[in-house]
Amino acid sequence: MKVIGSPSIPPVNAAIIASFYKGKGIESQEKELASELTGFISKVVLEEKFTGELGKTLIIRTGCDYSTATKIILIGAGEKERLNLNRIRKIASIAVSTAEKERLDNVSMLLPDKDYILLKTAKAITESAYFTAYKFDKYKSSEDDYSGLQNLQIISPSDEARLVNFYQGICSQGIHLGTITANAQTLARNIASEPAKYMTPEILAQVAQQVARDNNLKIKILTKKDCKRLGMGSFLAVSEGSDKPPRFIVITYTPQAKPKKHIAIVGKGVTFDSGGLSIKPSDGMATMKCDKSGAAAVIGVMSTMKKFHPDSKITMIAPAVENMTGGGAMKLGDIVTAMNGKTIEILNTDAEGRLILADAIAYAVREGADEIIDIATLTGACKVALGDDIAGVMTNSDPFAQKVITAGNEAGEDMWQLPIRDSNRDSIKSNVADMKNIGDKGLAGAQTGFVFLERFTNDKPLVHLDIAGPAWPNGAKWPTGFGTRALINYLLNHS
Ligand code: BES
Ligand code: ZN
Ligand code: ZN
């Protein structure tokens, strides 16, 4: 599917999609839509008792080919005063799913409100439309003659001729920006969706290499030998149970002018999480190809560098391993030493994410990052606490976290901060090492993950995003690429 702007003429076999506000006179809305059909739409709306409730749809067969549109799909937009970007995203998503249910090839969508922050609206519609149209069906033989919606055209309505070009210009800009972020998110979803059999740490590194090449970025792919030399005993311990060699992937973007600051973005890249010897039950393991979603998101972010070129230096780090139960697998009671010299007692091999992130964060510090954001499918506890559409945020710097949360909300990715207390810090004390990799009370599992990671920051500001829930919500067909848009937005707003 492609999202396109106004100037091109809608092709045949098309429908028009329009938002319909609750409690606003039918006639005035009808006029905006299609004067040729005045009276007809009102009649159907009244007959069907369609009220414009948010998300409800009404499909009207026009019986004519007005503007080559055989159908008009009204989508309830709720109360006009309550319209916001999240609602606009929802309307766009319903537009695409309804069009696909109707097996349409081409649709035109009127902007929900021509006066509502136009550029952001067009961008949000574009991102949401690509998100909804996404499919991961490359391994499915196609049985269907319908190959999905082809074009979604966004029409910016303006009656005033002198404003048409102005509106269209801003709208195209929004579509342009939205398409870049949507492509990054699609890349992240493709990575997360790929089965572990095919997306091994080595292959993940190749994907990263391609992204670096396409964006003229520096890339370093560290092998086991390199990591050993650097003392990454924590990262390597996780890889020992697998016959797939680990890869520690580092991509650097440097702006042309003097960098404003140096931001590190670190993504968990466990290409499959069996739990290791603390093995997961089958049900819990079924979705664990998505345990590389953090790495997928940060690689997705780097794929936009050529187009977005932020003003800060950005170091992307994706430690990639498979967590398996082979003969070399880490064992409970093992003690490993991370790159910063700290020792870790391993008491649960399924808490492997923090082990690989420990060395990745220490590496970011060594590279001189001023601030670090890590993104990881880290704990089932976070999913239990916040549900599967919100990411947990934990930090040692509240103002930093606030900026990331705001960037996420603007991008349509919800985040919520969890409190960190000294009792969380106490819970990872070990009798035999500097810390252990799980808490001793079975409480506040998400926060335990954070206080562990914090030990590798050398007091640099860290925002930790736990995306165990939203990376692949229960019942969703595909991983979401969650975090890609939030991180891009953060980099654009604050660097
Ligand atoms: N990859 C999992 C977390 C996860 C769970 C992601 C569900 C997505 C959906 C992580 O490595 C893990 O297993 N964490 C353990 C930590 C525990 C052993 C302290 C967990 O959540 O049970
Ligand atoms: Zn695990
Ligand atoms: Zn994991």
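Reader: Which residue bridges the zinc ion (ligand 2) and the zinc ion (ligand 3)?
Author: In this predicted model, the two zinc ions lie 3.2 Å apart. Donors are N, O and S atoms within 2.8 Å of the metal (3.2 Å for Na, K and Ca), and water is not among the atoms, so sites may look incomplete. The bridging residue is Asp 273.

Reader: Where in the chain are Asp 273 and Asp 350?
Author: The two are 77 residues apart and link distant parts of the chain. Helices (H or I, at least four residues) and strands (E, at least two) are DSSP runs, numbered from the N terminus. Asp 350 is in the loop between β13 (343-345) and α12 (353-366), and Asp 273 is in strand β10 (residues 269-273).

Reader: Is Asp 273 buried or exposed?
Author: Buried means under 20% relative accessible area, exposed over 50%, and partly exposed in between (1.4 Å probe, protein chains only). Asp 350, at 23%, is partly exposed. Asp 273 has a relative accessible area of 3%, so Asp 273 is buried.

Reader: How many disulfides does the whole structure have?
Author: A disulfide is a covalent bond between the sulfur atoms of two cysteines. The cut-off used here is a pair of cysteine sulfur atoms within 2.5 Å. The sulfur of Cys 382 is 14 Å from the closest cysteine sulfur, in Cys 290, which is too far for a bond. A search of the whole structure gives a count of 0.

Reader: What is the relative accessibility of Cys 382?
Author: Cys 171 counts as buried at 1%. Cys 382 also counts as buried, and its relative accessibility is 1%.

Technical notes. Residues are numbered from 1 along each chain as its sequence is written. Chains are lettered from A and ligands numbered from 1 in the order in which they are written. This is a predicted model: local features need pLDDT of at least 70, side-chain atom pairs count only at pLDDT 80 or more; totals for chains, interfaces and linings use all residues. Side-chain values use heavy atoms; hydrogens and water are left out.
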